[in-house]
Amino acid sequence: MLSALTTLPISPKRVEDALLMVGEVAANAEKHACPPYELRIYHTHRRTVVEFIDGDCRPLDLPPQLIPELTLADIDCLEIEALERGRGLLTVAALAQGDCGVRHLPAQDGRPCIGKVVWFSLPR
């Protein structure tokens, strides 16, 4: 992933942020979701989008889109209960400036879902 990100026109700081965010999303999937896992990176003229796909169809609550108002220092000051549950996604939302989300992957064989995609973008 590092080699893919370093070929894109994004700053070294954004590369570091992306690596941290992927680590947080992957750890969350490892703990709460099920395989298979897949990582995708898309780049457009306006932003880079990173998607982490897992095989779990249960809903995932992302932090509210007001997260850009929080800084990483604010997140570190949250209560212990909040830190134990959801700090990774709060970090992702803060670093992505709220440009993140989750969607389910619809199945074509009659099942409602085959997994979910947790995504975030890195503005240029």
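In this predicted model, Cys113 is tucked away from the surface: the residue is buried, with a relative accessible area of 11%. Cys113 is joined to Cys57 through a disulfide, with the two sulfurs 2.3 Å apart. Counting disulfides across the model gives one. The angle about the S-S bond is -95°, and the link between Cys57 and Cys113 is left-handed. Cys57 sits in the loop between strand S2 (47-54) and helix H3 (72-76), while Cys113 sits in the loop between strand S3 (100-105) and strand S4 (115-123), so the bond ties together parts that are 56 residues apart in sequence.

What about Cys34, and how far away is the nearest cysteine sulfur? Cys34 takes part in no disulfide, and the nearest cysteine sulfur, which belongs to Cys57, is 7.7 Å away. As for the surface, Cys34 is partly exposed, with a relative accessible area of 30%. Cys100, on the other hand, is buried, its relative accessible area being 7%.

Moving on to strand S1, which covers residues 38-43, one finds Arg40. Arg40 is partly exposed, with a relative accessible area of 30%. Its side chain makes a polar contact of 2.9 Å with the side chain of Glu38. Setting aside residues up to four places away in sequence, Arg40 touches Val49, Val50, Glu51 and Ile53. For one of these, Glu51, the C-alpha atom is 5.1 Å from that of Arg40, although the two residues are eleven apart along the chain.

Conventions:
Residues numbered from 1 in each chain as written. Predicted model: local features only at pLDDT ≥ 70, side-chain atom pairs only at ≥ 80, totals over all residues. Heavy atoms only, no water. Disulfide = S-S within 2.5 Å. Helix = DSSP H or I, 4+ residues; strand = E, 2+ residues; numbered from the N terminus. Buried < 20%, exposed > 50% of the residue type's maximum accessible area, 1.4 Å probe, protein only. Contact = heavy atoms within 4.5 Å. Polar contact = N/O pair within 3.5 Å; in protein donor to acceptor, adjacent residues only side chain to side chain.
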